[in-house]
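Me: I should like a close look at one part of this protein, the packing of its helices and aromatic rings. Please describe it in one connected account.

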Amino acid sequence: MGSLAAVLRHPDDLYPLLKLKMASRQAEKQIPPEPHWAFCYSMLHKVSRSFALVIQQLGTDLRNAVCIFYLVLRALDTVEDDTSIPTDVKVPILIAFHRHVYDREWHFSCGTKEYKVLMDQFHHVSTAFLELGKGYQDAIEDITKRMGAGMAKFICKEVESIDDYDEYCYYVAGLVGLGLSKLFYASGTEDLAPDSLSNSMGLFLQKTNIIRDYLEDINEIPKCRMFWPREIWSKYVNKLEDLKYEENSDKAVQCLNDMVTNALMHVEDCLKYMSALRDHAIFRFCAIPQIMAIGTLALCYNNIEVFRGVVKMRRGLTAKVIDRTNNMTDVYLAFYDFSNILKPKINKNDPNATKTLSRVEAIQKACMDSGVLNKRFVKVSKFYKQLSYFSSYWPLFSLTSLPPEQASSRITTIFNLLPGPSIVRPIKCLP
């Protein structure tokens with residue numbers, strides 16, 4: 001649940017982390033007893049714990065549909081990602097995948113770790129899929145068919161232009177946005193959102209992941225995966241893999257900033273999409289990943305560490321986002337705050353500085369025009385009221401004046417107050 005060192009540096013992360021731990025345990029208790037549904041929800045917890053938490057808030061029918069939609073697309077993505085599968089084998093599977101979801105006997109061994117388990121036991125997913133309502137099945141089949149065809153296209157095609165980049169992201173993520181909008185509509189809780197806005201919701205998340213995962217993708221064995229468009233990276237280096245070498249650090253950061261600037265173009269559409277949602281659970285389901293994306297871009301921008309290792313939001317900050325995202329006021333505040341973190345990092349000598357600044361200011365204007373930013377102090381006051389839940393344990397929260405050994409022990413004590421086994425262990429020293 002996040003490193004103890006991070007909690008010591010950010011003690012206000014502790015309460016949201018506690019809530020996240022309790023929510024995680026509660027979600028695990030809600031796994032259905034039927035073998036196929038138990039497999040699906042258990043697998044969901046393994047491949048995406050944060051997604052598994054947020055999905056629990058949805059109504060039962062919609063929750064089941066979204067769970068299966070996610071696992072079907074995750075399985076499809078596992079086939080695409082496995083660079084050991086020959087192209088002449090991979091392409092037909094991708095194209096026919098929408099038919100495999102109707103076959104209780106179909107499976108295909110590929111991927112690694114939990115993804116291999118998903119593929120080996122895909123019959124559980126197919127069995128659960130066949131129990132969904134017809135409207136949900138049709139939406140999932142349609143998106144799976146279109147996504148599989150798009151993935152197959154880009155197996156044999158490089159991402160050359162920015163148009164190619166947008167097209168690839170449409171196939172692998174924009175269609176997810178369209179599919180979710182269809183599922184929300186089929187549930188009877190939301191109007192059908194415009195395709196352009198649904199597409200932007202997916203593209204913003206996908207482009208963030210592509211930026212953050214540069215090093216993992218370029219080092220993929222046996223064959224690297226390259227999703228950054230040549231039209232962008234060729235302005236800075238001769239080969240995409242050159243960005244990871246230390247001698248190209250300055251050019252790498254400039255290229256990175258170019259990529260982040262491209263991703264920011266989708267933010268205003270995302271804000272429009274979220275502002276139209278009526279159902280609170282669906283709103284949170286959509287909003288939390290979007291806030292995580294803008295937070296991740298704020299961390300990645302102008303950050304050479306993207307080419308050295310993993311750059312991601314700390315666990316405590318993630319817990320805060322999950323805990324505090326309840327309405328559009330929270331969304332506008334988060335987007336404004338994260339854009340404020342990114343803004344001072346813009347170097348006037350960066351080739352795209354003017355464009356980046358323009359996009360950041362457009363985001364901030366959209367947030368200001370909402371008229372909710374003056375409610376910031378109400379939000380802060382509400383947070384401190386939430387802390388009163390732990391008033392009986394308040395002395396335990398006084399961490400900053402303690403030596404690392406004692407602070408570590410105290411945090412362990414706090415986690416052990418919760419029901420169930422503690423996942424925090426005392427540590428001998430902290431930096």
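Reply: The account below begins with the confidence of the model, then turns to a pair of helices and the aromatic rings.

The structure is a predicted model. The chain has a mean pLDDT of 85, with 84% of its residues at 70 or more. Over residues 377-401, however, the pLDDT falls below 50, although this stretch has 31 contacts in the model beyond near neighbours in sequence. Residues 417-431 likewise stay under 50 in pLDDT, and for them the model has 34 contacts beyond four places in sequence. Where pLDDT is low, the predicted coordinates should not be read in detail.

The helix pair to consider is H5 and H6. Helix H5 covers residues 60-81, and its axis comes within 10 Å of that of H6, the two crossing at roughly 165°. An angle over 145 degrees counts as roughly antiparallel, and H5 and H6 are therefore roughly antiparallel to each other. Their crossing is left-handed. On the H5 side, the residues that meet H6 are Val-72, Ala-75, Leu-76, Val-79 and Glu-80. Their partners in H6 are Lys-90, Ile-93, Leu-94 and Phe-97.

Phe-97 leads from this helix contact to the aromatic rings. Phe-97 forms an aromatic pair with Phe-122, with the ring centres 5.6 Å apart and 70° between the planes, an edge-to-face arrangement. Phe-97 belongs to helix H6 (residues 87-100) and Phe-122 to helix H8 (residues 122-129), so the pair ties together parts that are 25 residues apart in sequence. Phe-97 has a relative accessibility of 0% and therefore counts as buried. Phe-122 is also buried, its relative accessible area being 0%. Phe-97 thus takes part both in the meeting of H5 with H6 and in the ring pair with Phe-122.

In total, the structure holds 13 aromatic pairs. One of them joins Trp-37 and Tyr-41, whose ring centres are 6.2 Å apart and whose planes stand at 35°, so this pair is tilted. Trp-37 and Tyr-41 both lie in helix H3 (residues 35-47), where they are four residues apart, about one turn of the helix. Both of these residues, Trp-37 and Tyr-41, are buried. Elsewhere, ring pairs link Phe-154, Tyr-168, Tyr-170, Tyr-171 and Phe-227 into a cluster.

Key:
Residues are numbered from 1 along each chain as its sequence is written. This is a predicted model: local features need pLDDT of at least 70, side-chain atom pairs count only at pLDDT 80 or more; totals for chains, interfaces and linings use all residues. Side-chain values use heavy atoms; hydrogens and water are left out. pLDDT is the predictor's confidence in each residue, from 0 to 100. Contact means heavy atoms within 4.5 Å. Rings of Phe, Tyr and Trp (its six-membered ring) pair if their centres lie within 6.5 Å; planes under 30 degrees apart count as stacked, over 60 as edge-to-face and the rest as tilted. Buried means under 20% relative accessible area, exposed over 50%, partly exposed in between (1.4 Å probe, protein chains only). Axes are lines fitted to C-alpha atoms, for helices over the stretch in contact, and angles run from 0 to 180 degrees between N-to-C directions. Angles under 35 degrees count as roughly parallel, over 145 as roughly antiparallel, 65 to 115 as roughly perpendicular and the rest as oblique. A crossing is left-handed if the near helix is turned anticlockwise from the far one by less than a right angle, and right-handed if clockwise.
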